[in-house]
Amino acid sequence: MLILAIETSCDETAAAIVEDGSIVLSSVIASAKDIFARTTGVIPEEAARRQVECMIPVLDECLRGGRSTPADIDALAVTRGPGLLGSLLVGTAAARTVAAVFRKRIIGVHHTLGHLSSTWLRPESASSAPDEPPCFPIITLSASGGHTDLWYRTSHTHGVLLGSTRDDAAGEAFDKGASLLGLPYPGGPSLSRCAEGGDATAFPFPTPLRGDPTLEFSFSGLKTALKYTLRDLSTPLTDAVRRDLAASYQNALVEHLTDRVLRALDHSPDPQEIHVVGGVSANAALRAALTKALLSRGLRLRTPALLSYCTDNAAMIGAAAHFLALEREEAAFAPFTTEATIPLATVFA
Ligand code: KG4
Ligand code: ZN
């Protein structure tokens, strides 16, 4: 099945063509990060305006890149939420229009289900032999700017939510930490770049919820700890001190995320794989810490095949739509609404 997918849940305008839920024939992402670097955050109306401008050129480039016409496509897929409502409406209106004009069926996809499917993606151009596809049951840490969830999944649409964040999302903790340190938006990549070469033991940050028996997360205390550490600094905030602070803060975030994944292993029957997805899965320190911790348990960490599949993209929406259609065809093609907030639990049985 060839799916043309559209994703516009935040500041990006993305389109992709995905074959059978995994082979990415084309993926185009127009980001407005340059604009929002100047405003140090996303302005929803501005994001939607940019998406209106970018949608047609992005679709055009995507179809040309995939050497396809709309007639070749079997179905449309689009992010129906959660996200910025104005942005989501630009994407769903575009997808509904293409579907109506070319008489294609359309699948509305939950944004986070897209992230959960991102570990199935691989570029068409991959020169090496493809990895074995993932094998259920899977424990997935899904960590982005909007959510931080731990899932135990037995199929694409069956699973239980083991735990979520009580306050900020992990990506938000990176973004807020970066902002406190005077680093540019988006904060995750700039904080992790700044942390390179810094001493992760220079500043003591508490690991949140240490000893807490749940599988929940909490990040807001770390952000406050960074704020007070900066206020009470006895030395000027030189580049070297900023590097040490970034490394120490990142280390505390990574330790918290790793601690919860390891704890989830003890609560889940016989997981075959551990996945980390979402924007935060691009973080090299997190990948290194988890790989090391899982090695001793004989488990392998799987992350999206490309960094561009970690952060928001349309290919993951195409993958999720394919698996939804396979596992729940009637629900997949049912009429859908566009919503700023949708619990993912509604997608899972
Ligand atoms: O999945 P995503 O692109 O969008 C949402 O669904 O929110 O995730 C964006 C989040 C941002 O908070 C960003 O700072 C974070 O992912 N992020 C990172 C890295 N790259 C992106 N956080 C840590 N390290 C990174 N390398
Ligand atoms: Zn996302």
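**Exercise 1.** Which residues in α7 meet which residues in α8?

*Solution.* This is a predicted model, in which local features need pLDDT of at least 70 and side-chain atom pairs count only at pLDDT 80 or more, while totals for chains, interfaces and linings use all residues. Residues are numbered from 1 along each chain as its sequence is written, and side-chain values use heavy atoms, with hydrogens and water left out.

Step 1. Locate the helices: α7 covers residues 220-231 and α8 covers residues 239-266. Helices are DSSP runs of H or I with at least four residues, strands are runs of E with at least two, and both are numbered from the N terminus.

Step 2. List the contacts, where contact means heavy atoms within 4.5 Å. From α7 come Leu-222, Lys-223, Leu-226, Thr-229 and Leu-230; from α8 come Leu-245, Tyr-249, Ala-252 and Leu-253.

Step 3. Sort them: seven are nonpolar, one is polar and one is charged. Here Ala, Val, Leu, Ile, Met, Phe, Trp, Tyr, Cys and Pro count as nonpolar, Asp, Glu, Lys and Arg as charged, and the others, Gly among them, as polar.

**Exercise 2.** Describe how α8 packs against α7 and against α6.

*Solution.* Step 1. Two packed helices are described by the angle between their axes and the distance between the axes. Axes are lines fitted to C-alpha atoms, for helices over the stretch in contact, and angles run from 0 to 180 degrees between N-to-C directions.

Step 1. The axes of α7 and α8 come within 11 Å and cross at roughly 160 degrees. The two helices are therefore roughly antiparallel (angle over 145 degrees).

Step 2. For α6 and α8 the angle is about 115 degrees and the axes are 7 Å apart. Leu-191, Ser-192, Cys-194 and Ala-195 of α6 make the contact with Arg-242, Arg-243, Ala-246, Ala-247, Tyr-249 and Gln-250 of α8. These residues divide into six nonpolar, two polar and two charged.

**Exercise 3.** Is Thr-148 buried or exposed?

*Solution.* Step 1. Find Thr-148 in strand β8, residues 148-153.

Step 1. Thr-148 has a relative accessible area of 0% and is therefore buried. Buried means under 20% relative accessible area, exposed over 50%, and partly exposed in between, with a 1.4 Å probe and protein chains only.

Step 2. Beyond its neighbours within four places in sequence, Thr-148 is in contact with residues including Leu-141, Gly-163, Phe-217 and Leu-257. A polar atom of its side chain lies 2.7 Å from the backbone nitrogen of Ala-170.

Terms used:
Chains are lettered from A and ligands numbered from 1 in the order in which they are written. Angles under 35 degrees count as roughly parallel, over 145 as roughly antiparallel, 65 to 115 as roughly perpendicular and the rest as oblique. A polar contact is a pair of N or O atoms within 3.5 Å; within protein, one must be able to donate a hydrogen and the other to accept it, and residues adjacent in sequence count only if both atoms are side-chain atoms.
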